[in-house]
Amino acid sequence: MTLVVAVTGPESIWLLADRRLSAKGRPPKDDARKVMFLETTDGVAILGYAGLGATARGTEPADWMSAVLRGRNLPLEPSLGALADAMKRQFPRHMVRMAGGNGPAHSVVVPAFLGDKPMLYTIDLVFARDRKSYRFRYTHHINDKPPRTVRLGLGGSGGQYLTRDTRWIRSLLRLVKVHDRSRVSPQAVADHLANLNNEVHLNVNSVGPRCIVAWRYRKGSVLKAGGGHQFYNGKIRDAGSPMLPTIGRGTDIAALAAVFMSGWTRMFEERLAGQPAKEPDKDEVNAELARLPDKPDEDLR
């Protein structure tokens, strides 16, 4: 399992996910990327998940979700609906082989802004203990009185641990509120969430010490920033935080960035080696861009 924590605020949305991958008979790995970004015609969202960390062939759901949404220039909720439909078709055959005595479960937790309104969605697939049937749900979570979006979402075994003592919730929500009033930096909120992940790791074996904290802002926010993300090792910020899977209005932003970055990285390495640095060849770059897939691919391999 894993830990996912999602928070919605008036100006910002946040998601914490640990990086542990566990497989029966193998030592755990702490290099997963259980987070992706989605920007649509009417909103922005962060998707994190708990459950299936990777298929037997090593495909991570974050990369699969990006492939499913690639080429679909849809509004936010139809995008999530398309992802939910694909998950219902593709995930059962992979989940039924997951280790554990209980019924396997996979949950995608999605804090978002739909226009300027904070939202919280989940997509859940839960097998019965005998693994012969499962329940599926895609829903928007709201409080009844008064009707408003739920501020906090949890997932995974780490989320279950956090429900035992909820005193941490007030300080987290207060910090996000203070941040949304421009009184503390986003790094302060990210550090707080990383500390929370580390605390859970020390008490839950299935939650790793390494984690990712991601955040995005409401369009037109007073904070005037798009957002960011930070990788952590325990409580310490990693020196590098590589790009995460990102779909912007149907375009695979991460794939485009990788093409451009490869050329500039080569130039940098040549300069470090004392060699003449050649600028990336435009024809080669265009050829690489032309080879990038631009259609949805729902096959979870």
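The legends below describe close-up views of a predicted model.

View 1. Seven strands make up an open sheet of mixed pairing, arranged as β7-β6-β5-β4-β3-β14-β15. The edge positions are taken by β7 (134-140) and β15 (251-252), each of which has a single partner strand, so one side of each is left without a neighbour in the sheet.

**View 2. Pairing of β6 with β7.** Strand β6, residues 117-127, runs antiparallel to β7, and 7 bridges join the two strands. Within this pairing, V126 is found opposite R135 of β7.

**View 3. An aromatic pair between β6 and β7.** The structure contains 4 aromatic pairs. One of them is formed by Y121 and Y138, with a tilted arrangement in which the ring centres are 6.4 Å apart and the planes make an angle of 35 degrees. Because Y121 belongs to strand β6 and Y138 to strand β7, the pair ties together parts that are 17 residues apart in sequence.

**View 4. Helices lying across the sheet strands.** Helix α1, residues 61-69, lies across β3 (35-39), β4, β5 (105-114), β14 (246-248) and β15, and its direction is at about 20 degrees to β3. Helix α2, residues 76-90, lies across β3, β4, β5, β6 and β7. The angle between α2 and β6 is about 10 degrees.

**View 5. The largest pocket.** By class, the lining of the largest pocket consists of 13 nonpolar, 13 polar and 8 charged residues.

**View 6. The second largest pocket.** About 280 Å³ of space lies in the second largest pocket. Of the 14 residues that line the second largest pocket, E39, T40, G43, V44 and K219 lie nearest its centre. The elements giving two or more residues to the lining are β4 and β11 (210-217). The lining of the second largest pocket divides by class into 3 nonpolar, 5 polar and 6 charged residues.

Note on methods: Residues numbered from 1 in each chain as written. Predicted model: local features only at pLDDT ≥ 70, side-chain atom pairs only at ≥ 80, totals over all residues. Heavy atoms only, no water. Nonpolar A, V, L, I, M, F, W, Y, C, P; charged D, E, K, R; others polar. 1 Å grid on protein atoms, 1.4 Å probe; cavity = no way out; pocket = protein on both sides within 12 Å on 5 of 7 lines; lining within 4 Å. Points joined across faces, edges and corners; volume = space filled by probe spheres on them. Helix = DSSP H or I, 4+ residues; strand = E, 2+ residues; numbered from the N terminus. Pairing = 2+ DSSP bridges. Contact = heavy atoms within 4.5 Å. Axes fitted to C-alpha atoms, helices over the stretch in contact; angles between N-to-C directions. Phe/Tyr/Trp six-rings, centres within 6.5 Å; stacked < 30°, edge-to-face > 60°.
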